[in-house]
Amino acid sequence: RMFHDDELEESEKFYVGQPRVLLLIYALYNTLVARSEMVCYFVIILNHMISASMITLVLPILIFLWAMLSVPRPSKRFWMTAIVYTEVAIVIKYFFQFGFFPWNKYVDYTKDKPYHPPNIIGIEKKEGYVHYDLVQLLALFFHRSILKCHGLWDEDEKGDSSSNKEDTDDELSLTGGRRDSSASLKSVNLAASVESIHVHFPEQQTAIRRKSSSSISQLSHRSSFSSHRSKRAILFCSASYSAVKSHFDLCCFRTLQVYVPIRQFFYNLIHPDYSAVTDVYVLMFLADTVDFIIIVFGFWAFGKHSAAADITSSLSEDQVPEAFLVMVLIQFGTMVVDRALYLKKTVMGKVIFQVILVFGIHFWMFFILPGVTERKFSQNTVAQLWYFVKCVYFGLSAYQIRCGYPTRVLGNFLTKSYNYVNLFLFQGFRLVPFLTELRAVMDWVWTDTTLSLSSWICVEDIYAHIFILKCWRESEKRYPQPRGQKKKKVVKYGMGGMIIVLLICIVWFPLLFMSLIKSVAGITNKPLDVSITITLGGYQPIFTMSAQQSQLKDLNQTGFNAFLGSYRGNTAALQFLEGYGKEDITLADLEGNSNSLWTISPPTAASQPQDTAQGVAQKLTLPQLCSAAGVKTWGRHGAPISLLATRFCWTVYPYYIKAPSDSLAKPIKQLLTGMYCRWENITVSLVKNVSDEGVREWWVLNQLGKRYKTSEESLELFIFSDKVSPPSLGFLAGYGIMGLYASVVLVIGKFVREFFSGISHSIMFEELPNVDRILKLCTDIFLVRETGELELEEDLYAKLIFLYRSPETMIKWTREKT
């Protein structure tokens, strides 16, 4: 064999025989070496995310606007700039760690202030101030060593020396204007050294003038004193003018040294000699989508005083947070602009958009956002995650600019293959509300075409339908069904069983959801205040009392077990108690003396006992029960309980009250009836106090059958509080069972019914044995549109419409190939 080497063969055998773990380590190291520049980029961005200062801001911007845009790779000048800049940053940070600086005396007070100048600059005193800078410097030196090993470190210097021989002085004037031909512009890159730009230095002319002036002065040495003095003045003025002109020319030259390479760099980027055309728009769109999701679920990180906010609870209360609205609109706007640039295939617009986004995002994230949120960027985890994904987007955008946009954009990226994955992803893409419509309209606006909007949408719909049919036909070819054989049980029970389970779940979803939302994910709803008002008939209340804080007691496990044991044998009571735990029961201890005086006229007071004896309705009112469960305060306002007294025995006090989360409080009949429990008796007495200030009267009530007996007059009340749904699911639980059936089940049922009915009307468009010719016709329409053959686009569109208007022609076109 040619190039056979025994040592290499033995080395290969030795390498293959190594353990798998060691081979994995080798592979990871080789990957690290192959992408060492990506490691450097990652470490620089990570350092900036953690430090978030002006010192670390420079290199990320240079990465997205210089390094990643360089063809074919970043130059030696960039890597030397990054290395030197990192070293200088380490020295500066070390210098400002000394305690004699005034701002280092109050570090604990100023360390969390986002607009404190040392924090913004990055020179604040802190532990581990230089750790990530050292890791960054180590990564840069690692990449430098790899470039040297492959002979790529001094490649730019060789290119500069060769360009020095070819360039002449007249190719680039002092003003730094463009060369006569575009080819000469492309020969200068950003890595060109200062010596490669040939400029006539004014200092040489000044020196010549000075030399000639010196010789003239020597020749005229014999002239008179006045003549010699006048010549000296002339020479002085000439020298001053030359010095000023030299300084001005030097400033212009230094400016051109910066401006010309940058201008030439971007010119070469927009007008390359060759470009490896690629298409990474899908990846950029996915990165933007991830950022969009981060904004939706973490919008509170971009606003002020909203750390505990929840988007679902905010929207359920018809509130749109400003931070959420601004972030969504900005993110969505950038996605629309990016789509427009992609369709127009304008690299210059993409470069301008990239520069604006890089500077805008960095300025907003590291200078505006900390002031809005009142916390440093390094303490905002959601913002850090959003910025990291945005950096991935910047890298993909730079790669797209460097390679150039594709010359032809044909169809959807999900329609490149005809398999189940593409089929389901494409159908999921079409199910997203307004996404298909928005994409179609944007494509029509920013694509050169002769079709109207309705015709454009018609072509898109036909193409989508034919693609779906093509996927199904390909699946039938891969998994053919022999003729005359019944369907396999795997197919029937797999597909049919899944549909049956899905339909059953949809039908019974509201009942299951409302049952589990409180039993599994429910939150205990403890009352904060219990108020009782007792009135006789329609007269003035005779008793008012409330209980708060220490007067509201919880049951322990022993008391709860004893409570359950007292209802042993009572099926109705035990069934009711199954839905409550000890944490859902609250014992209210109410003072027996009314907290309001009884003021009533003598005639009314005389008639009240007579009306009561005749069986007038007594009303026991619990006006308010409040709870602090969850984030919200759940209130129950004005919850009256009407009790009809059959005889004047005052057996009217309901010992057990149910406090639902969405209705009025009411007595628990399962616990108040039967042989074990009954309505409790209360004694009512009127206390009269006569003093110099007058006569004062108030009512005193005492409950006789109390579980926790006390010597004082008091009332006990057991409150059973229903669990409430968590705030994040409150928007669904608030509809109730009937609301969920009306809003969910019926709407979904409408779409399901459309799938199972009306099939006969679409047979001629669904049952197409071979769709290759129609699919090719749609692809041809896309192709001629991209090549600018707009007249041919009209002809092909007319042909497509005629095909769908003629069933006989459709049959001929969709026959199987013989």
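**Figure 1. The largest cavity lies between two domains of this predicted model.** Residues of domain 1 (11–150) and of domain 2 (280–409) both contribute to the lining of the largest cavity, so the cavity lies between these domains. Its volume is about 130 Å³. The lining consists of 13 residues, and those closest to the centre of the cavity are Ala-52, Pro-114, Asn-119, Ile-120 and Phe-366. At least two lining residues come from each of helix H7 (117–121) and helix H16 (347–373). H16 gives the largest share, three residues. Sorted by class, the lining holds nine nonpolar residues, three polar residues and one charged residue. In the whole structure, the search finds nine cavities of 30 Å³ or more.

Figure 2. Most residues other than glycine have a negative phi. Ala-52 is found in the loop between helix H3 (36–51) and H4. With a relative accessible area of 17%, Ala-52 is below the 20% limit and therefore counts as buried.

**Figure 3. Glu-374 also has a positive phi.** For this residue, phi is near 60 degrees. Glu-374 is located in the loop between H16 and helix H17 (381–403).

Figure 4. Most peptide bonds are trans. Pro-72 is placed in the loop between helix H4 (54–67) and helix H5 (76–95).

**Figure 5. The largest pocket is lined by 40 residues.** The space in this pocket amounts to about 2,500 Å³. Which residues lie nearest the centre of the largest pocket? They are Phe-424, Gln-427, Ile-468, Trp-472 and Phe-755. Two or more lining residues are given by each of these elements: helix H18 (420–431), helix H20 (453–478), helix H21 (489–507), helix H28 (736–756) and helix H29 (763–766). The largest share, nine residues, is that of H20. By class, the lining of the largest pocket comprises 23 nonpolar, eight polar and nine charged residues.

**Figure 6. Phe-100 and Phe-101 form a tilted aromatic pair.** The structure contains 41 aromatic pairs. In the pair of Phe-100 and Phe-101, the ring centres are 4.6 Å apart. The ring planes meet at 35 degrees, which is neither under 30 degrees (stacked) nor over 60 degrees (edge-to-face), so the pair is tilted. Phe-100 has a relative accessible area of 57% and is exposed, whereas Phe-101, at 11% relative accessibility, is buried.

**Figure 7. Ring pairs join seven named residues into a cluster.** The members of this cluster are Phe-563, Tyr-567, Phe-576, Tyr-580, Tyr-656, Phe-718 and Phe-720.

**Figure 8. Two lysine residues lie over tyrosine rings.** Lys-390 is placed over the face of Tyr-393, at 4.8 Å from the ring centre. Lys-470 has its charged end over the ring of Tyr-418, 5.6 Å from the centre of that ring.

How values were computed: Residues are numbered from 1 along each chain as its sequence is written. This is a predicted model: local features need pLDDT of at least 70, side-chain atom pairs count only at pLDDT 80 or more; totals for chains, interfaces and linings use all residues. Side-chain values use heavy atoms; hydrogens and water are left out. On a 1 Å grid over the protein atoms alone, a cavity is a set of points where a 1.4 Å probe fits but cannot get out, and a pocket is an open set with protein on both sides within 12 Å along at least five of seven lines; lining residues have an atom within 4 Å of a point. Grid points are joined across faces, edges and corners, and a volume is the space filled by probe spheres set on the points. Helices (H or I, at least four residues) and strands (E, at least two) are DSSP runs, numbered from the N terminus. Ala, Val, Leu, Ile, Met, Phe, Trp, Tyr, Cys and Pro count as nonpolar, Asp, Glu, Lys and Arg as charged, and the others, Gly among them, as polar. Domain bounds come from an automatic or database domain assignment. Rings of Phe, Tyr and Trp (its six-membered ring) pair if their centres lie within 6.5 Å; planes under 30 degrees apart count as stacked, over 60 as edge-to-face and the rest as tilted. Buried means under 20% relative accessible area, exposed over 50%, partly exposed in between (1.4 Å probe, protein chains only). A charge sits over a ring if NZ of Lys or CZ of Arg is within 6 Å of the ring centre and within 35 degrees of the ring normal.
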